[in-house]
Amino acid sequence: MSDLTLVFDTSANACNVGVFRDNHLIVHKLVTCQYGHAEHIVDLIKAALEEAEVTFDALTHIYTTKGPGSFTGIRVGLSVAKMLALMLDIPVIGIDSFTIASTYYLNKCDQEGDYLVLLHTRKKDFFTQLFDAQGTPKAAPEILDFEGLK
């Protein structure tokens, strides 16, 4: 039996949904939205599962972001994840937004040194975290403004 994992993120200016079979992405759906994540996420999940030809009952795991990011967006994502996990009796795992951004970066770029992940707060500052070339955090997350980034 293969692992079928639903992954989604509602912490930023979009709703992202991915369906993975045995750790390989088979479908990705995205809707850009600064607000209104609750209006999009369930339909996006249903569309991703349909395109993947997967039913809710076939899912074995759910992953979603737990922040930092949009407070309301995170609450929407965690609520949907918890509801699905209870309904399907499968585990839900929260992943921090820095780990997701770091993993994406490492998969897209050749990295030889340390790098800083920046996530905009929608204000005049950024959530930041420093990682080494292997993607291991080197420092605790911080909030920095433009001056602090210098």
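First, the ground rules. This is a predicted model, where local features need pLDDT of at least 70, side-chain atom pairs count only at pLDDT 80 or more, and totals for chains, interfaces and linings use all residues. Residues are numbered from 1 along each chain as its sequence is written, and side-chain values use heavy atoms, with hydrogens and water left out.

Some terms. Helices (H or I, at least four residues) and strands (E, at least two) are DSSP runs, numbered from the N terminus. Two strands pair if DSSP finds at least two bridges between them.

Let's start with the five-strand sheet. The order is E3-E2-E1-E4-E5. The sheet is open, and its pairing is mixed. E3 and strand E5 (92-95) sit at the edges, each pairing on one side only. From one strand to the next, the twist averages 15°. For angles, axes are lines fitted to C-alpha atoms, for helices over the stretch in contact, and values run from 0 to 180 degrees between N-to-C directions.

Now look at E1. How many of its residues are buried? The count is 5 of 6, so take buried as under 20% relative accessible area, exposed as over 50%, and partly exposed as in between (1.4 Å probe, protein chains only). E1 and E2 run antiparallel, joined by 6 bridges. They form a hairpin, with 4 residues between them. On the E4 side, E1 runs parallel to strand E4 (residues 61-65), with 4 bridges. Thr5 shows both pairings. Its bridge partner in E2 is Phe20. In E4, Thr5 stands opposite His61.

Next, helix H1. H1 covers residues 37-51. The expected span is 1.5 Å times one less than the number of residues. For these 15 residues that gives 21 Å, and the end C-alpha atoms are 21 Å apart, which agrees.

Which residues of H1 are buried? They are His37, Ile41, Leu44, Ile45, Ala48 and Leu49.

What covers the buried residues of H1? The cover includes strand E1 (4-9), strand E2 (14-21), strand E3 (24-32) and helix H2 (71-88). Contact here means heavy atoms within 4.5 Å. After H1 comes Glu53, with a positive phi near 55°.

On to the cores. In soluble globular proteins, nonpolar side chains tend to be buried together. A nonpolar core here is a set of buried Ala, Val, Leu, Ile, Met, Phe, Trp, Tyr and Cys residues joined through side-chain atoms within 4.5 Å. The largest one has 24 residues. Those with the most contacts inside it are Leu6, Phe8, Val17, Ile41, Ile45, Leu59 and Ile62. E1, E2, H1 and H2 each give two or more residues to this core. H2 gives the most, with 6 residues.

Take Leu59. Leaving out residues up to four places away in sequence, Leu59 touches Leu4, Thr5, Leu6, Leu49, Val54, Leu88 and Ile90. There is also a second, separate core of 6 residues, which includes Phe98, Leu119, Phe127 and Phe131.

Strand E7 (residues 125-131) pairs with E8 over 4 bridges. Phe126 has Leu144 in E8 as its bridge partner.

Last stop: Ser102. Ser102 lies in helix H3 (residues 97-108). Is Ser102 buried or exposed? Ser102 is buried, with a relative accessible area of 2%. Which residues are in contact with Ser102, leaving aside its neighbours within four places in sequence? They are Tyr115, Val117, Phe131 and Gly135.
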